[in-house]
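Open the model in your viewer and keep the sequence panel beside it. Each stop on this tour says what to select and what is there.

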Amino acid sequence: SQWATARDTLLRTLAMAQSHVHQLERVELLNDLGVVCLRLGDKPAARSAWTTAATEAPDHVGVQLNLTVLEAEAGNLPVALKHVDDVLRLEPDHPLGLLFLARLERQLGRREEALATWQRLVLVHPAYADSVVRNFGPF
């Protein structure tokens, strides 16, 4: 499959990318590898790629968002919350970060916090919040 070919290509490229020499490239490759592994249904490999990327570049927003989703889907809500908090520490008004935080707060039974986060998303990114409602229904 194309996804398997992509995984193999990313693994070969990562083998050539040296730590501390190609740091930015390595993190992007690891992030992409996580996405490809997830598409192939290999969640442990996706987790491994993203965890390695987060270790090498803890301030990489995309990696933190991917780990948020992976942990939330696995039911590890406190861990997912830590990752989304990292995203919002880096980019306080990040639209996906705010959406994921609102959803996690709701899942954790923190209804008032979830509503406040949702309202912040609507205030800062009204078009994005509108598209979420149109695609997934009301918050």
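## Stop 1: helix α4

Select α4 and colour its buried residues, which are Val61, Val63, Gln64, Leu65, Leu67, Thr68, Leu70 and Glu71. This is a predicted model, so treat what you see as a prediction. The helix takes in residues 61-73, 13 residues in total. From its first C-alpha to its last, α4 reaches 18 Å, close to the 18 Å expected at 1.5 Å a residue.

What covers these buried residues? Show α2, α3 (43-56), α5 (77-90) and α6 (95-107), which are included in the cover over α4.

## Stop 2: the whole chain

Zoom out and show the chain as a cartoon. Its secondary structure comes to 8 helices and 0 strands. Read along the sequence, the pattern is α-α-α-α-α-α-α-α. The C-alpha trace spans about 50 × 30 × 30 Å along its principal axes.

Now colour by burial: of the 139 residues in the chain, 37% count as buried. Consider also the contacts in the chain with a separation of 6 or more: 45% of them come from residues 24 or more positions apart.

## Stop 3: helix α1

Select residues 2-16, which form α1. The helix has 15 residues and reaches 21 Å from first C-alpha to last, close to the 21 Å expected at 1.5 Å a residue.

Which residues of α1 are buried? They are Ala4, Leu10 and Leu14. These residues cover an arc of only 125° around the axis, so they lie on the same side of α1. Then turn to the face of α1 directed away from the buried side, where the exposed residues Gln2, Arg12 and Met16 are carried.

## Stop 4: helices α7 and α8

Two packed helices are described by the angle between their axes and the distance between the axes. Select α7 (residues 111-124) and α8 (residues 126-136). Their axes come within 5 Å and cross at roughly 120°. That angle makes α7 oblique to α8.

Show the side chains at the contact:

- From α7: Trp118, Leu121, Val122, Leu123 and Val124.
- From α8: Pro126, Tyr128, Ala129, Val132 and Val133.

Which classes of residue make the contact of α7 with α8? Colouring by class gives 10 nonpolar, no polar and no charged residues.

Technical notes
Residues are numbered from 1 along each chain as its sequence is written. This is a predicted model: local features need pLDDT of at least 70, side-chain atom pairs count only at pLDDT 80 or more; totals for chains, interfaces and linings use all residues. Side-chain values use heavy atoms; hydrogens and water are left out. Helices (H or I, at least four residues) and strands (E, at least two) are DSSP runs, numbered from the N terminus. The expected span of a helix is 1.5 Å times one less than its number of residues. Buried means under 20% relative accessible area, exposed over 50%, partly exposed in between (1.4 Å probe, protein chains only). The arc is that of the directions from the helix axis to the C-beta atoms. Axes are lines fitted to C-alpha atoms, for helices over the stretch in contact, and angles run from 0 to 180 degrees between N-to-C directions. Angles under 35 degrees count as roughly parallel, over 145 as roughly antiparallel, 65 to 115 as roughly perpendicular and the rest as oblique. Contact means heavy atoms within 4.5 Å. Ala, Val, Leu, Ile, Met, Phe, Trp, Tyr, Cys and Pro count as nonpolar, Asp, Glu, Lys and Arg as charged, and the others, Gly among them, as polar.
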